Amino acid sequence: MEVRAKKALGQHFLTDLSVARRIVDALSVSEVRDVLEIGPGMGVLTQYLIERPDLDLKLVELDGESVVYLMNHFSGMAGKLMEADYLRLDMRKVFPGDYRVIGNFPYNISSQIFFKILEDKDRVPEVVCMIQKEVADRIAEGPGSKTYGILSVLLQAWYDIEYVVQVGPGAFCPPPKVKSAVIRLVRNSRTDLGCDEALFKQVVKTAFNQRRKTLRNALKPLLREDIDTTDEVFNLRAEALGVEDFVALTKRFETNN
């Protein structure tokens, strides 16, 4: 039985075993044994993950056809494989403690996956994933780049990001129309931003929503009369600011200042 790749689910099954092995090998040996594989598909990563004695693996797969395939081809899947939408999962019920994440993420929801990981960032010390190269570039790029954006700032605030390898369309079936890349995210030592975290997100998102405008204009929805916008920073565009710059900017918007 073969699983049909479904366009609606953004499925492109990795078939290059050398790439699959490299993805699994990029997941470190850690005291955090619990690992969640998102979107295992036909198990190209799973076959190597279950070989690692240092991992306690669970899998989440939305496609029922893939679930049947995995249950038939891998022993011990009962109790480990969840037929569910990761974006709707209550991860506290899946793992009571810390856990790591790995997967060939569906390209059409990869950004949503990262936003969900950020919600649980204090329990997710490591992420290894295959995503669209354009998204990988956006996440890994620093200030000044045209691809640098909301996800770049929010992830870089909490994770160190390593670009592992670029992967061509020929490594998949069916081949995607875009290039892919594997990245690794490792939780940094930051425990607090030093500003209101919800406001930080709001400032970052508002600034980039009109990224061609200066911050003075892009942030108008958040401005109050007591905020001095004559400083040089307000002449800049969002892409010029790093994480610490956005932290400093957020502090200006806090009502207790």
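**View 1. What covers the buried side of helix α3?** The cover over the buried residues of α3 includes β1 (13-14), β3 (56-61) and β4 (81-83); here, covering is a matter of contact, meaning heavy atoms within 4.5 Å. Helix α3 itself spans residues 64-73, and its buried residues are S66, V67, Y69 and L70. These residues sit on the same side of α3, because they cover an arc of only 165 degrees around the axis. That arc is taken from the directions that run from the helix axis to the C-beta atoms. Buried means under 20% relative accessible area, exposed means over 50%, and partly exposed is in between (1.4 Å probe, protein chains only). Helices (H or I, at least four residues) and strands (E, at least two) are DSSP runs, numbered from the N terminus. Keep in mind that you're looking at a predicted model, where local features need pLDDT of at least 70 and side-chain atom pairs count only at pLDDT 80 or more, while totals for chains, interfaces and linings use all residues. Residues are numbered from 1 along each chain as its sequence is written, and side-chain values use heavy atoms, with hydrogens and water left out.

View 2. Side chains of opposite charge can pair when their charged atoms come close. For a salt bridge, a side-chain nitrogen of Lys or Arg has to be within 4 Å of a carboxyl oxygen of Asp or Glu. By this rule the count comes to 17 salt bridges. In the one shown here, the closest N and O atoms of E51 and R21 are 3.5 Å apart. E51 lies in the loop between α2 (46-49) and β3, and R21 lies in helix α1 (residues 17-26), so the pair ties together parts that are 30 residues apart in sequence. E51 is exposed, at 51% relative accessible area, whereas R21 is partly exposed at 33%.

**View 3. E239 and R211 form another salt bridge.** The closest N and O atoms of E239 and R211 are 3.1 Å apart. This pair links distant parts of the chain, 28 residues apart: E239 is in the loop between α9 (215-218) and α10 (243-253), and R211 is in the loop between α8 (197-209) and α9. Is E239 buried or exposed? With a relative accessible area of 14%, E239 is buried, while R211, at 24%, is partly exposed.

**View 4. R252 reaches D231, and some salt bridges share partners.** R252 and D231 form a salt bridge whose closest N and O atoms are 2.7 Å apart. R252 belongs to helix α10 and D231 to the loop between α9 and α10, so this pair ties together parts that are 21 residues apart in sequence. R252 is partly exposed at 31% relative accessibility, and D231 is partly exposed at 29%. Elsewhere, salt bridges that share partners join R100, E126, E162 and R184 into one network.

View 5. Two strands pair if DSSP finds at least two bridges between them. β2 (residues 34-38) and β5 pair in the parallel sense over four bridges, with I38 opposite G103. β5 and β6 (residues 126-132) also pair in the parallel sense over four bridges, and here N104 stands opposite M130. Together with helix α5 (residues 110-119), β5 and β6 make a right-handed β-α-β unit. Right-handed means that, with the strands pointing away from the viewer, the path from the first strand over the helix to the second runs clockwise.

**View 6. Two lysines sit in two loops.** K177 is in the loop between β8 and β9 (180-187), and K177 is exposed, with a relative accessible area of 86%. K177 and Q132 are 45 residues apart in sequence and 9.9 Å apart in space, C-alpha to C-alpha. K121 is in the loop between α5 and β6 and counts as buried at 8% relative accessibility. Leaving aside neighbours within four places in sequence, K121 is in contact with W158, Y159, R187 and E197.
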